[in-house]
Each structure stands twice: as C-alpha cells, then as structure tokens.
Amino acid sequence: MGLQTCIVPVLSFNYATKSYARCRGNYAGQLWIFLCVYAGRCDLLRFLSGAAAPGFSKSSEVIAIGKNAFPIIGASFIPAVFSLMTPVFFQAIGNGKISLFLSVMRQICCLIPIFWLLSLIDLRFTWFAFPISEVLVGVTGIVLYYKEIKRDFDKGAA
C-alpha cells in the first residue's frame, strides 16, 4: 500500500504541469510494479496454502477450508492491481468522486452482495467473491481511466 501513497504526488505533479505523457508513463510503470508484487503474492498464497492454514487453527476442518480458500483469494490479487490503483489515479488527478465511487464499489457494492449470493449456493463458493469483485471493479476502473485519458489527456498530449 506504500506504493499507492508514493505515486499520488508524482501523478498529481505531472497532471498539474500538463505532462500527460509522463503521467501515463508513471501510472503504467506503477501498474507493472504492482503486477509483479501481486503476482508474487498470488504464487506465494497458492504454494503455501497447505503450510499457512495451520497457522490459523489446529482444526482439520479449518485447515481444509484454508487449503481451498487461499488459492482462490490469491487469484484475486492480479485483478486487484487495477481495482486498487485506479482509485489512486483518480485521487491523484483531483477526481475524488470517481476514486470514492470505485472504492465503495469494491468494498460495499460488489464484495458484500457477491459474498451473500454465493453463500446461498454453498459456503465453499464464497471465496470466489474476492476475484469476482476485483474483476468487476478493475474493469470499471480501466473503462473510466480510458475515458479520462481520452477526455483530458489527449487534449494536450505533451
């Protein structure tokens, strides 16, 4: 999360000085860094799911749930890059409404209802709420990002 905090002033400065190409480049670079870090976390969770589960409980039932849940939650890390970074981008360029919209969409509008719907099928499926929510918000964020790029950034492609 420190990477998110560090990129805000860089994006804000470049946006304010109308250095739109640098702003896009910095954002793209930050996405690649996030993708690498989160891909590593995804693999770590997938490979350590059997070893990490006993750290939460000694119960064999909880360990079995963890072995199932960790790889699914880990799969949500890659789309989470976009659902976490796009609100940061909009915050950095001064569009707090879209930033807030994406954050609320991620935590409240998608994750909770999807958990509930999947729990109606079977509790084992609730873990899929994480990747589904991240994909929905990530795609929405990317669409809004490209609309912003088209509207503002193409005006002064410096």
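Analyst: One term to start: contact means heavy atoms within 4.5 Å. This is a predicted model, where local features need pLDDT of at least 70, side-chain atom pairs count only at pLDDT 80 or more, and totals for chains, interfaces and linings use all residues. Residues are numbered from 1 along each chain as its sequence is written, and side-chain values use heavy atoms, leaving out hydrogens and water.

User: OK. What is Y27 in contact with?

Analyst: Setting aside neighbours within four places in sequence, Y27 contacts L11, M85, T86, F89 and Y145.

User: And which residues touch the most others in the largest nonpolar core?

Analyst: L11, Y27, Y38, M85, F89 and F90, out of 36 residues. Such a core is a set of buried Ala, Val, Leu, Ile, Met, Phe, Trp, Tyr and Cys residues joined through side-chain atoms within 4.5 Å. Buried means under 20% relative accessible area, exposed over 50%, partly exposed in between (1.4 Å probe, protein chains only).

User: Where does the largest share of this core come from?

Analyst: From α4, with 9 residues. Helices are DSSP runs (H or I, at least four residues), numbered from the N terminus.

User: Why is α4 called largely enclosed?

Analyst: Because 13 of its 16 residues are buried. Helix α4 covers residues 77-92. After α4 comes G94, with a positive phi near 90 degrees.

User: New topic. Where is P71 found?

Analyst: In helix α3, residues 60-75. P71 is partly exposed, at 26% relative accessible area. Its C-alpha is 8.3 Å from that of D43, 28 residues apart along the chain.

Notes
Helix = DSSP H or I, 4+ residues; strand = E, 2+ residues; numbered from the N terminus. Expected span 1.5 Å × (residues − 1).
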